Amino acid sequence: PVQATLSSLKMLDVGKWPIFSLCSGEELQLIRQACVFGSAGNEVLYTTTNDEIFVLGTNCCGCLGLGDVQSTIEPRRLDCLSGKKIACLSYGSGPHIVLATTEGEVFTWGHNAYSQLGNGTTNHGLVPCHISTNLSNKQVIEVACGSYHSLVLTADGEVFAWGYNNSGQVGSGSTANQPIPRRVTGCLQNKVVVNIACGQMCSMAVVDSGEVIVWGYNGNGQLGLGSSGNQPTPCRIAALQGIRVQRVACGYAHTLVLTDEGQVYAWGANSYGQLGTGNKSNQSYPTPVVVEKDRIIEIAACHSAHTSAAKTQGGHVYMWGQCRGQSVILPHLTHFSCTDDVFACFATPAVSWRLLSVEPDDHLTVAESLKREFDNPNTADLKFLVDGKYIYAHKVLLKIRCEHFRSSLEDNEDDIVEMSEFSYPVYRAFLEYLYTDSISLPPEEAVGLLDLATFYRENRLKKLCQQTIKQGICEENAIALLSAAVKYDAQDLEEFCFRFCINHLTVVTQTSGFAEMDHDLLKNFISKASRVGAFKN
């Protein structure tokens, strides 16, 4: 099963796209889905909380679907799609728009010089047109646009293509433009496709067995076939034999795939370092991209840009390729929390690589709800009396979170527990950690918490304390912290404190902490210091 978690719905800030500065704060609050497109990131379509669709921008070729070619600096409502919920959306370079509703219907509008709207004409479409030819009883679940061609994927795993076909990107075996949806067959005939993507003039499909099937333009090796000849019919990438691919993403002339093991491979054009291989040489075969040891869970690219991005299981977002005019030839760790931000801030033009989803942020996660309940007398069924002060807690949570409480509270009917072994700040920090998974204490207090964590065998808390102490070490407290590390058998911390003392030996030996050092510890310290050459001069 696919696990959907709230981290995958992390609040997205659409305000990072310059075009959204035209909307007021109130309007931005209402946005639930958005797509930024156009040759300069100057067109936008978005849906609001009540399922209305708005557009604004230069309206090039009628791409806003308003029925005219007037630009608009104010959001205008797209009435002809009212009541429709958007499942996915893609755009071309013209631009033209292909949109699928949650019902699986397809609507297209905008630039149409190459029949990329699939309505059988080459007239620009000023309003959304329902495309049903060859799709009437099909439910479309994914759409993808190249510069001037369109692909859709149906719920039963079939791919349909139409539009510009000068390089075989429609996959029909010819180079004649395709005016209406045509099923892509050949080696896709009996395969179930699970994901599609388009480069500027090429097309890709991932099948349920993990194979990648490609067709269209190949002048930069973007089909991954080891050649540079165009491919007018679908062809399997043989070089990926034995590798199960889950997702494919296409840039202007480069390709990224994500495997079921969380690995990324790239091929195609590389003049901006968009393959992330450490050089700028094109690759016509799949080449592994080393991002970090963690699994990759998402890859991102867009046919209008030479930018690549990826997100790891741990939430790190990397980018490479053309980033605001710079060529970044190796994956670069960013401070972003989602790949969408890479395209908002670093892609040229600043477009979105997929339909953006913005979740309302009024939902409290389980963790956030628990954090709020710490030390809340209104819901607590247990209080700890420490140094004459109460700390309020919940028996069930303490039992779930801590082995010590599981046994000590088992048959305990009391609602007050007196605690004299530890100080109030230390015990409060411990209980708060059980609710929040984090600690915030000065390093000296963290030493007391380290004692408690050792006593209660809370190893993760022990590590957090060591981290806090390392971050707060200075010449004045170094000896005290070293003594604590020895006392609580925190070897990693002891080593760290010892190295710090050696590196700042002159100042540390003049502190009161050093003067009051325990005799055995001092002997130990001097002997260890001499072994590492601290007194060689």
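Colleague: Which residues does UniProt give for the feature "domain: BTB"?

Modeller: UniProt, in an unreviewed entry, places that feature at residues 380-443; such annotations may be inferred rather than shown by experiment. The model is predicted, so local features need pLDDT of at least 70 and side-chain atom pairs 80 or more, while totals for chains, interfaces and linings use all residues. Residues are numbered from 1 along each chain as its sequence is written, and side-chain values use heavy atoms, without hydrogens and water.

Colleague: How much helix and strand is there over residues 380-443?

Modeller: Helices (H or I, at least four residues) and strands (E, at least two) are DSSP runs, numbered from the N terminus. Over residues 380-443 the chain is 42% helix and 22% strand, and the end C-alpha atoms lie 29 Å apart.

Colleague: How many salt bridges does a search of the whole structure find?

Modeller: A salt bridge is a side-chain nitrogen of Lys or Arg within 4 Å of a carboxyl oxygen of Asp or Glu. The search finds 20. One of them joins Arg-354 and Asp-340, at 2.9 Å from N to O. Asp-340 sits in helix H2, and Arg-354 in the loop between helix H2 and strand S25, 14 residues apart.

Colleague: Is Asp-340 buried or exposed?

Modeller: Buried means under 20% relative accessible area, exposed over 50%, and partly exposed in between (1.4 Å probe, protein chains only). Asp-340 is buried because its relative accessibility is 5%. Arg-354, at 29%, is partly exposed.

Colleague: Where is Glu-410 found?

Modeller: Glu-410 lies in the loop between helix H5 (403-408) and strand S28 (416-419). Glu-410 is partly exposed, with a relative accessible area of 46%.
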